[in-house]
Amino acid sequence: MTASAPSTNGPAHDPATPPVTAATRRRSMLASAVGNGLEWFDWNIYVVFTPFLTAALFASEDPASSLLQVLAIFGVGFVFRPVGGVLAGYLADRHGRRTVMIATMLTMSAASLLIALTPSFTTAGVWASVMLLVARLVQGLAHGAESTAGYAYIAEIAPAARRGFFSSTLSTGVLVGSMLASALGWGLTAALPAEAMAEWGWRVPFLLGAALSVVVMFLRRRMMESEAVAHIAASDDAPATPEVRRGVFWSGFRIFWFVAAISVVFYTWLTSASTLAQTQHGMDASAAFRSSLVAQAVCVCLMPVAGIVSDRIGRKPVTLTFALGFVVLSFPLMGMISAEPWTLLVAQTVALVFVAMGNSMYSALLSEQLPTRYRARTIGIANSLSVAIFGGTALYLNQWLHGMGMQWAFTLYFVLVCLAAAVAVWFMPERKGVELHAV
């Protein structure tokens with residue numbers, strides 16, 4: 001039998017351990033991307049089906065108040081993301097990325113099933129809202145854990161020269177999960193009468209998400225473990241020097257601001273654009289879902305291209321284009337959307353071209369900033385806190401300011417966050433092609 005090529009990342013294999021083949025890496029990459037996409041599907045169907053959750057699980061006397069309550073619970077779910085991120089970072093650095101990534105699938109499945117089985121407000125009263133809150137908190141815990149372990153894992157199993165492309169598969173999975181959520185929203189609203197959607201149709205995607213999570217959990221059992229885990233176990237456990245601690249802190253600080261822009265952009269333009277077009281501009285639900293789906297398909301096609309480009313010219317040029325693009329174009333794009341479906345299609349497609357640039361090498365950029373020993377836990381803290389603060393409040397802040405006739409204020413806030421991210425990226429070291437164990 002012909003021996004496989006040795007790993008390009010981390011320390012050499014133990015002679016007793018079979019070497020990792022290219023096929024094993026590809027299979028693990030696919031299982032990671034599919035699972036991450038399903039996590040985002042479970043997470044984002046809450047946003048896509050917000051109007052139906054509002055009607056089913058909250059009092060109907062004040063629709064605007066009910067909508068804000070649902071969006072507030074969406075934000076509360078982000079509170080547990082840092083908890084999941086910190087816990088997953090600790091466990092992933094000590095017991096392996098793969099173990100954490102299997103556990104997240106089971107946790108997310110249970111939360112989605114709970115939402116699907118939650119009785120309506122007319123049946124259970126306020127307990128319906130409480131059950132939704134509990135389920136969303138559990139989803140937040142699982143989502144924070146998945147992001148932390150997954151971002152480190154996909155970068156660590158990738159060949160150094162193709163890390164941007166490998167990372168783009170994880171980001172593509174995120175977009176595909178969001179696309180499936182939008183597609184399901186479009187399909188169900190087009191196929192079912194409004195009465196059926198209000199009574200039981202909105203439960204279908206949550207049941208589907210719960211079932212698929214169990215399937216992916218078994219797929220992930222065949223993934224390879226990140227070789228960085230062996231490197232951590234073999235490394236010196238002596239306390240870090242003050243210089244190393246300062247370096248890790250400032251790397252985490254820059255990651256925090258980069259993730260802030262990614263989060264605000266993601267939850268404004270990718271997951272909730274169709275919902276905001278319906279609630280703020282009166283766009284037909286089916287047409288809004290259809291327009292959003294086309295825009296997301298364009299982004300999926302561009303994602304691996306942007307990852308490959310980042311492997312060629314570096315992470316910083318591509319990422320700076322993402323951040324500065326939104327600084328320049330946010331006001332024109334947000335001002336374009338009206339009740340006409342074509343306006344959402346054009347504005348969201350342009351926005352998602354820039355999203356592809358920022359998201360494609362997301363995992364690679366974060367992982368390349370941190371030493372292996374501190375990678376998962378620092379990503380867990382910086383990423384989860386930033387997503388909770390900026391992503392968790394984006395929808396609520398957008399809806400609240402729109403209701404006050406101050407949509408311009410949200411757009412200005414959006415621009416300032418992207419500008420801060422551009423500054424953070426400017427000060428990041430460029431490490432494309434560098435072996436992660438050498439960081």
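**Figure 1. Helix α19 and its packing partners.** Helix α19, residues 407-426, consists of 20 residues and spans 29 Å from its first C-alpha to its last, close to the 28 Å expected at 1.5 Å a residue. The expected span is 1.5 Å times one less than the number of residues in the helix. Helices are DSSP runs (H or I, at least four residues), numbered from the N terminus. The model is predicted: local features need pLDDT of at least 70, side-chain atom pairs count only at pLDDT 80 or more, and totals for chains, interfaces and linings use all residues. Residues are numbered from 1 along each chain as its sequence is written, and side-chain values use heavy atoms, with hydrogens and water left out. The buried residues of α19 are Ala 409, Phe 410, Thr 411, Phe 414, Val 415, Val 417, Cys 418, Ala 421, Ala 422, Ala 424 and Val 425. Here buried means under 20% relative accessible area, exposed means over 50%, and partly exposed lies in between (1.4 Å probe, protein chains only). These buried residues pack against α12, α15 (315-336) and α18, where contact means heavy atoms within 4.5 Å.

**Figure 2. Lys 432 in the segment after α19.** Lys 432 lies in the segment that follows α19. Its relative accessible area is 32%, so Lys 432 is partly exposed. Leaving aside neighbours within four places in sequence, Lys 432 is in contact with Ser 310, Asp 311, Arg 312, Ile 313, Gly 314, Arg 315 and Glu 368.

Figure 3. The structure holds zero disulfides. A disulfide is a covalent bond between the sulfur atoms of two cysteines; the criterion applied is a pair of cysteine sulfur atoms within 2.5 Å. The closest cysteine sulfur to that of Cys 299 belongs to Cys 301 and is 9.3 Å away, too far for a bond. For Cys 418, the closest cysteine sulfur is in Cys 299, at 15 Å, which is also too far for a bond. Cys 299 counts as buried because its relative accessibility is 0%, and Cys 418 counts as buried at 0% relative accessibility.

**Figure 4. The largest cavity and its lining.** The structure holds three cavities of 30 Å³ or more, and the largest contains about 130 Å³ of space. Of the 14 residues that line the largest cavity, Trp 40, Tyr 151, Ile 262, Asn 359 and Tyr 362 are the closest to its centre. On a 1 Å grid over the protein atoms alone, a cavity is a set of points where a 1.4 Å probe fits but cannot get out, and lining residues have an atom within 4 Å of a point. Grid points are joined across faces, edges and corners, and a volume is the space filled by probe spheres set on the points. Helices α8 (163-191), α12 (242-270) and α18 (375-403) each supply at least two lining residues; α12 gives the most, with five. By class, the lining has nine nonpolar, four polar and one charged residues. Ala, Val, Leu, Ile, Met, Phe, Trp, Tyr, Cys and Pro count as nonpolar, Asp, Glu, Lys and Arg as charged, and the others, Gly among them, as polar.

**Figure 5. Phe 80 of α4 and Gly 140 of α7.** Phe 80 is placed in helix α4 (residues 80-95), and Gly 140 in helix α7 (residues 126-156). Phe 80 is partly exposed, at 34% relative accessibility, whereas Gly 140 is buried, with a relative accessible area of 0%. Not counting residues up to four places away in sequence, Phe 80 touches Leu 137, Gly 140 and Leu 141. With neighbours within four places set aside, Gly 140 is in contact with Trp 43, Gly 77, Phe 80 and Arg 81.

**Figure 6. Helix α2 and Ser 291 of α14.** Six of the eight residues of α2 (residues 50-57) are buried, so this helix is largely enclosed by the rest of the structure. The buried residues of α2 are Thr 50, Phe 52, Leu 53, Thr 54, Ala 56 and Leu 57. Ser 291, found in helix α14 (residues 285-313), counts as buried at 7% relative accessibility. Residues up to four places away in sequence not counted, Ser 291 touches Pro 341, Leu 344, Leu 345 and Gln 348.

Key:
On a 1 Å grid over the protein atoms alone, a cavity is a set of points where a 1.4 Å probe fits but cannot get out, and a pocket is an open set with protein on both sides within 12 Å along at least five of seven lines; lining residues have an atom within 4 Å of a point.
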